Amino acid sequence: MINKIRENSSLSALIVIAIILAIVRFANPPKNILCYDTFGYYIHLPARYIFDDPGIRDFKWVEEINKTYKNTPTYYQFSEGIDGQRVIRFYRGMSYVLMPAFWAGDFWARISGAPRDGFSAPYTNAIWIWGLIMNLIALWFSRKILLRYFDELVTTLTLILMFLISNLYFFMGYGSEIPHVHLFTLLTLLIWFTIRWHDRPNIKKALAAGLTAGLIAASRPSEILVLF
């Protein structure tokens, strides 16, 4: 039994980290995850799919949402448009990453009777649960990448140190993981798809790497440097 654990020490470490993350996250769920910068990244979704106002020509519904849920003390997430409408200053890419959680929250709100406004409890719960899933995806592929080049011991120690010493533990466990953890996940996937493409180039792997790189750049344009 001990030998099996040693042979798969990186997997054991990953499982322990996943359990710790789940305990911390469920014990301390974010009270208002859709606030400040996250509000700017996310609001593209309810603007388009709930209020049918992607151009924010009617700012009253934004003010009503903020009055109800206290998302932001100022509206720095918006700029004035040429026609007097408000323009969302945050790039749309992160909203695509959050879309699965948005639709899961919308379904949850529909069956539970909660307000279908994009910000009620079903939506916020779906967002942070999706964040936890993204955390685990990132760690899983980090392990796969490390094992391509290093042995079990080095991979295990790297995962533990990366989790405990970097700011990942804070953002994964207590802080707002948007966009930090989601970008970490996308960057990990980009590295993995690139490795796989070099192993045996084909169109599917190229498309996977290209789509991931596009989401990264559309979420935070400065991250386009990863292409170099």
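The model is predicted, with local features requiring pLDDT of at least 70 and side-chain atom pairs counted only at pLDDT 80 or more, while totals for chains, interfaces and linings use all residues. Residues are numbered from 1 along each chain as its sequence is written, and side-chain values use heavy atoms, with hydrogens and water left out.

**Overall fold**

- The chain has eleven helices and two strands, where helices (H or I, at least four residues) and strands (E, at least two) are DSSP runs numbered from the N terminus.
- In sequence order the pattern is α-α-α-α-α-β-β-α-α-α-α-α-α, and the C-alpha trace spans about 65 × 40 × 30 Å along its principal axes.
- Of the 228 residues, 44% count as buried, a term that means under 20% relative accessible area, with exposed set at over 50% and partly exposed in between (1.4 Å probe, protein chains only).
- Among the contacts in the chain with a separation of 6 or more, 68% are accounted for by residues 24 or more positions apart; contact means heavy atoms within 4.5 Å.

**Helix contacts**

- The axes of helix H10 (residues 180–199) and helix H11 (residues 203–219) come within 9 Å and cross at roughly 155°, the axes being lines fitted to C-alpha atoms, for helices over the stretch in contact, and the angles running from 0 to 180 degrees between N-to-C directions.
- H10 and H11 are therefore roughly antiparallel to each other, given that angles under 35 degrees count as roughly parallel, over 145 as roughly antiparallel, 65 to 115 as roughly perpendicular and the rest as oblique.
- The residues making the contact include Leu 183, Leu 186 and Phe 193 of H10 and Ala 206, Ala 209 and Ile 216 of H11.
- By class, the contact of H10 with H11 has 13 nonpolar, two polar and two charged residues, where Ala, Val, Leu, Ile, Met, Phe, Trp, Tyr, Cys and Pro count as nonpolar, Asp, Glu, Lys and Arg as charged, and the others, Gly among them, as polar.
- The axes of H6 and H11 come within 6 Å and cross at roughly 120°, and the two helices are therefore oblique to each other.
- Gly 93, Met 94, Tyr 96 and Val 97 of H6 meet Leu 215, Ala 218 and Ser 219 of H11, a contact with five nonpolar, two polar and no charged residues.
- The axes of H7 and helix H8 (residues 152–165) come within 9 Å and cross at roughly 145°, with Leu 139 and Leu 146 of H7 and Leu 159 and Met 162 of H8 among the residues in contact.

**Nonpolar cores and buried residues**

- The largest nonpolar core has 37 residues, and those with the most contacts inside it are Tyr 42, Ile 43, Ile 56, Val 62, Phe 78 and Ile 127; such a core is a set of buried Ala, Val, Leu, Ile, Met, Phe, Trp, Tyr and Cys residues joined through side-chain atoms within 4.5 Å.
- Helices that each supply at least two residues of this core include H3 (36–42), H5 (60–69) and H7 (121–149), while the largest share, seven residues, comes from H6.
- Leaving aside neighbours within four places in sequence, Ile 43 is in contact with Trp 61, Val 62, Phe 78, Ile 88 and Phe 119.
- Asn 66, placed in helix H5, is buried, with a relative accessible area of 9%, and touches Asn 71, Thr 72 and Tyr 75, not counting residues up to four places away in sequence.
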